[in-house]
Amino acid sequence: MSLDIAAPAARRPFARTGRLLLEIWHDRSAAFGLSVIVVILFCAVFAPWVAPYDPGAQDLGARLVPPFWLERGSLAHILGTDHLGRDILSRIIHGSRASLLVAASVVLIAGTFGTIMGLWAGFRGGRTDSVIMRIVDIQVALPALLLILLVISVVGPGIATMIVVLSIANWMVYARLVRSIVLSVRQLEYIEAAEMIGCRPGRVVFSHLLPNLISPLLTLAILEFTNIILAEAALSFLGLGVQPPATSWGLDVANGKDYLFVAWWLVTFPGLCISITVIAINLLANWVRVTTDPQEREKRYARHRAGRRRQAARQPVGGQQ
Amino acid sequence: MGSYIVRRLWQGILVVLAVTTIVFVVTRLVGNPVDIMLPLSATTEQRAAFAHQIGLDRPILEQFGTFVWDAIHLDFGDSLWQRRAAMEVVLERLPNTLLLLVSGIGTAIVLSLPLGTIAALRPGGIVDRLIVGLGLLGLSLPQFWVGLMLIITFSVVFGLLPTSGIGTPAHIILPSIAMALPSLARLSMLVRSAMLDELNKQYIQTARAKGMPLHRIVTVHGFRNILAGFLTMSGWEVIYALAGFSVVVETVFAWPGLGQTALQAIQRSDLFLLQAIVFCVAILIVLINLALDIIYKLVDPRIDLN
C-alpha cells in the first residue's frame, strides 16, 4: 500500500523536469540561453580537464600567435596566444570560474540578507520598517561604485573582497522587492485567517508568505546575476578584482589592452565570452519571467494554439497582429 | 512644495553625512592611512610625523569632528600624487566628466524616445524585434569591451577617429557611444513598455476611433503621459554614470575626468584625492536627485509629494 503511493510521488519530479525542459525547448531563445549556460557551467566545473593547456603556462617561442583561421595561426592554439605565449582558449575556460563563483556567491549572500531584511521590515512594519527602509533609501542614493573602489583600495583587491563588497552594495534591491510583496500579501484573507487561528509569526512567514516570493525573487536573482558578472568583469578590468596569477575574463581583457594594435584577439575573445554569457542568462531570465507569470503564460498559450490552428488549416500566415 | 523641498534637502544632507561617515570609517578605522599612503621604505620617524600631520594621534571623536569640519569647508588635504589641494584637482577634472555625461547620456536620452516609440507602435513586428534585440545587446555587452571594440574598429582598422585622450571634437565620439549604449538600451526598453501600456488604454482607442492621426495620438497623449517616468529614469542614468560607471569608459579612452582620476588615485594610494572625489560626487548626486524631484512634480501635477 505504501509502495503504491510512494512510487508516483517519486517519479513525479522527473516528469516535471522533463515537461519543463520540453517547454524551454519550444522557445528558441530560451533553449539557446539554457544550452549556452550548460556549456559554460560544464567548462567552469571541469576546467582543468576541458582546457587544452595550463592557463598560466608560458611559451615565449609562441607569443601573440593569431587564431587558427588567420595565416601564421595554428590548430595548436585555436584562439591564439597572448603576449606571454599563454593559450587564450585555456585562459577563457579557466576564467569562467571567477565570474560564476563571484556572481553566485554575491547573489546568494545579498539575496538571503536582502530577503530577510525585506521580510522583517514588511512583516513587523512600524518603526522597524521605517528604519530599514531609510537605510535602503540612503544606500541607494550613495555613489556605490566609487565607495566600492574606496573600500577595495583600503582593504586590498581580491576575490573575497569583491564578494563582500558587491554583496553589501546589492542587498537593497531584494529588500525592496520582498517588502513590497509582503505588504500587499499581508492584506489577504488567508494570512489573516492563519494569524487568527494562532499560527506563530515564523510559520506565517515561512509557509504562507515565502511561497509568494519565489517567482519574483527568482527573476530578480537571475537578472542580478548578470549585473554581478558585468561588475566583476569591470572591477577585474580596472585591476581591482581578480589578481594575477588567477584568471578572469575582465583581467584578460585588461592584459590585452596594450596589444590592441597588433593582436585584436587578446581583448576580443574574453570580452565575447562575457557578452555571450550575459546574453544567454538574460534570454533565460526573460523566459522565466513569462513562465512564472500566469497571465503571460495564458497569452503565450493562446498564441501557441492560434499558431497550431493556422498551420493545421494550411492558411498563409497573416501579418503580425 | 516649499516644505517638500526642505524635507528632501534634509534627506540629502543625511546622505552626504552618511558618505562622510563611511569614508571616515573605511579610511581611518578599517585601513590605516599611514600604511596605505607612505611607501614601505618610510622610517618610523617619518610615519610618526605623517600620522601627527594628519591628526591620527588625536582621539577618534576629535578626528571625526575635524574630518567633518574640513569636509564642510571642502578641504580634503593635499593630493600626495599631484602635490596640490585635492579639491583643486577635482574641480579641474570635473568639467571633463560632465562633458562626457552630457554628450553620452544626452545622446541616449534623445535617441531612446523615438526608438522606444517606434518599437511600441508595432509590437512583435520586425522593427520592434530589431530594437528589442539591440536593447538586449546594450544591456549585455560590458562597457569596457564595447569601448575597446570601437577603438579596434574605428581607430585601428579604419583609422577614422583618435584612440584616446581629449582635445578635438573627434575625441569625444567613441567615448560617448560607449557611454550611451547601456543607458540607451535601458531607456528605450522603458519607453517601449510604457508606451505599449499607454497605447492599449481605452481613451487612446477612442481617439483613434474618432479619427485622430497616429502621430498626434503619440505626441499629444502618449509622450505626455510617459514623460514623468521617463524623466526619472533619465535622471537615474545620469546618476549611475556619475556614481562610477564613467570610471570604466574614462579609463578605456584615457579621458581625463573624475573617474579616471579616481582610479589613478587608487593606483598611487592617494587617499585624500579619492576622498575628495567621493565627497563631491555624493553632493552632485544629491543635487541631481533634488532637481529630479522638483521636475517630477512640475511635469506631473497628479503626484502628491506629501
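Trainee: In which helix of chain A is the place of Val253(A)?
Mentor: This is a predicted model. In it, Val253(A) falls within residues 249-256 of chain A. That run is helix α10.

Trainee: Does Val253(A) count as buried or exposed?
Mentor: The cut-off for buried is under 20% relative accessible area. Val253(A) has 0% relative accessibility, so this residue counts as buried.

Trainee: Which residues is Val253(A) in contact with, leaving aside its neighbours within four places in sequence?
Mentor: Contacts of Val253(A) come from both chains A and B. From chain B they are Phe144(B) and Leu148(B); from chain A they are Phe237(A), Val267(A), Pro270(A) and Gly271(A).

Trainee: Is the peptide bond from Pro244(A) to Pro245(A) cis or trans?
Mentor: Most peptide bonds are trans. Pro245(A) is found in the loop between α9 (201-237) and α10 of chain A. Omega for the bond from Pro244(A) to Pro245(A) is near 10°, and the bond is cis.

Trainee: What is the phi of Ala254(B)?
Mentor: Most residues other than glycine have a negative phi. Ala254(B) sits in the loop between α10 (214-252) and α11 (258-267) of chain B, and is partly exposed because its relative accessibility is 31%. Although not a glycine, Ala254(B) has a positive phi, of about 50°.

Trainee: Which helix has the lowest mean pLDDT among the elements of chain A?
Mentor: Chain A averages a pLDDT of 83. Helix α4 (residues 88-124) of chain A has the highest mean, 91. The lowest, 64, belongs to helix α1 (residues 2-26) of chain A.

Trainee: How many contacts does the stretch of residues 1-10 of chain A have beyond near neighbours in sequence?
Mentor: Over residues 1-10 of chain A the pLDDT is below 50. Beyond near neighbours in sequence, the number of contacts of this stretch in the model is zero.

Terms used: Residues are numbered from 1 along each chain as its sequence is written. Chains are lettered from A and ligands numbered from 1 in the order in which they are written. This is a predicted model: local features need pLDDT of at least 70, side-chain atom pairs count only at pLDDT 80 or more; totals for chains, interfaces and linings use all residues. Side-chain values use heavy atoms; hydrogens and water are left out. Helices (H or I, at least four residues) and strands (E, at least two) are DSSP runs, numbered from the N terminus. Buried means under 20% relative accessible area, exposed over 50%, partly exposed in between (1.4 Å probe, protein chains only). Contact means heavy atoms within 4.5 Å. pLDDT is the predictor's confidence in each residue, from 0 to 100.
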